[in-house]
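Morning, everyone. Let's walk through one model. Have a look at it first.

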Amino acid sequence: RANLDALGGHDGALLHRDDAVAFVSTLPALAYDVAFADPPYDADTAFALVERWLEVPFSAILGIEHAAASPMPAPGQTRRYGITALTFFRVSDP
């Protein structure tokens, strides 16, 4: 919440601290405009979130932080920064 406030986040923004895979498994398609996840690198959570998004794109844009050594499936666009990578997935026609 402090980061959102410091960045001038919108009052209507929702932050969720929960098991990410369980949370997104309940979401319908395009429930959110943007979703960002930064799961622990040593878990398979990042890949599981992407798999779920590919099945049901729960957001128009999904950004996921993960270990650079752990590739994400296509059609994501990945940017690498040392041992960290950010991969973005976008719904082509929301």
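Helices here are DSSP runs of H or I with at least four residues, strands are runs of E with at least two, and both are numbered from the N terminus. This is a predicted model: local features need pLDDT of at least 70, side-chain atom pairs count only at pLDDT 80 or more, and totals for chains, interfaces and linings use all residues. Residues are numbered from 1 along each chain as its sequence is written, and side-chain values use heavy atoms, with hydrogens and water left out.

Start with helix H3. Glutamate 55 and arginine 52 both sit in helix H3, three residues apart, about one turn of the helix. Their side chains meet in a salt bridge, 3.7 Å from N to O. The term needs a side-chain nitrogen of Lys or Arg within 4 Å of a carboxyl oxygen of Asp or Glu. The structure holds one salt bridge. Is glutamate 55 buried or exposed? Exposed, with a relative accessible area of 58%. The cut-offs: buried is under 20%, exposed is over 50%, partly exposed is in between, with a 1.4 Å probe and protein chains only.

Now the strands. E1 covers residues 32-37 and E2 covers residues 59-67. They pair in the parallel sense over five bridges; pairing takes at least two DSSP bridges between two strands.

E1, helix H3 (residues 45-55) and E2 make a right-handed β-α-β unit. Right-handed means that, with the strands pointing away from the viewer, the path from the first strand over the helix to the second runs clockwise.
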